[in-house]
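Here is a short report on a ligand site and on the aromatic rings of one protein model. Please keep the structure in view while reading.

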Amino acid sequence: MKIIVGNWKMNPSTKKEAENIFLGVKKEIQKHSHLLNKVKVVICPPFVYLPFLSRLKGKSKISLGAQNVFFEEKGAFTGEISAPMLFDLGVEYVIIGHSERDRYFGETDLMANKKTKSVLKFKMKPIVCIGETKKESKNQIFKILKKQITLTLRDLSPSEISQVIVSYEPVWAIGTGNPCAPERAKVILLFLRKFLRKNKILYGGSVQLTNARNYFEVGFDGLLIGGVSLKPQEFTQIIKENAV
Ligand code: PGA
């Protein structure tokens, strides 16, 4: 089963807009319900919309994901959200270690490791993001990616590791309109496959309607889509074109 994840990031600004985007996707998918037999669709809105969208989702097979989580289960951690809270809302997936978390909030691979463990403990699926910066892409790319994976999956059992979804997202390709060329992404995919044999591996970074198919063609199991996931028509078109 392929997987297409929409990461809304810190968008939209109102509940009404969130409703419109979500219903736009839901209605279009319901018209072609067979699509969901081929593709798992996951929407990751900001935390505050999760309870509302969880109700709006109803019985539809769209899954909800969170964009982040804190690794402690409860306590004096002002401003944070825990895995049991997400699980209680019906969240099934959690994005971990997105490069924007690293860049703006100083998150580390060690934190991503703790978060991954907490998400697995509460029976949700972690979507672990890895990727190199422009500078690292020159000559350290394999070393950097291996290090990120090793640290993030440290001390997990083989069965836990197999449940982790890994998203390869070159930092320089995110939100830039400058995606990683599929042939280049394929080289990375083959490298990751050597030690992530059973994992679903996604590609993320400036995915558009025009290039989405290329990443499936070179062997990725799915996509993590930022900007375009806020445009229900284009997002559902990507789902339709790749539900084969
Ligand atoms: P983008 O974001 O599709 O807007 O480039 C992708 C991501 O954040 O993974």
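**Ligand contacts**

The side chain of His98 has an N or O atom 2.6 Å from an oxygen atom of the ligand. Backbone atoms also take part: an N or O of Gly175 lies 2.6 Å from a ligand oxygen, and a polar backbone atom of Gly227 is 2.9 Å from an oxygen of the ligand. A polar contact here is a pair of N or O atoms within 3.5 Å. Alone, the ligand exposes 280 Å², and the protein buries 94% of that. Accessible areas come from the Shrake-Rupley method with a 1.4 Å probe.

**Basis of the model**

The model is predicted: local features need pLDDT of at least 70, side-chain atom pairs count only at pLDDT 80 or more, and totals for chains, interfaces and linings use all residues. Residues are numbered from 1 along each chain as its sequence is written, and side-chain values use heavy atoms, with hydrogens and water left out.

**Ligand shell**

The residues around the ligand (a heavy atom within 4 Å) include Lys9, Glu169, Ser206 and Leu224. The shell divides into four nonpolar, six polar and two charged residues. Gly counts as polar in this scheme.

**Aromatic rings**

Rings of Phe, Tyr and Trp (its six-membered ring) pair if their centres lie within 6.5 Å; planes under 30 degrees apart are stacked, over 60 edge-to-face, the rest tilted. The count comes to eight aromatic pairs. Tyr215 and Phe220 are edge-to-face because their ring centres are 6.4 Å apart and their planes are at 70°. Tyr215 and Phe220 are both buried (under 20% relative accessible area, 1.4 Å probe, protein chains only). Tyr168, Tyr203, Tyr215 and Phe220 form one aromatic cluster.

Methods
Polar contact = N/O pair within 3.5 Å; in protein donor to acceptor, adjacent residues only side chain to side chain. Buried < 20%, exposed > 50% of the residue type's maximum accessible area, 1.4 Å probe, protein only.
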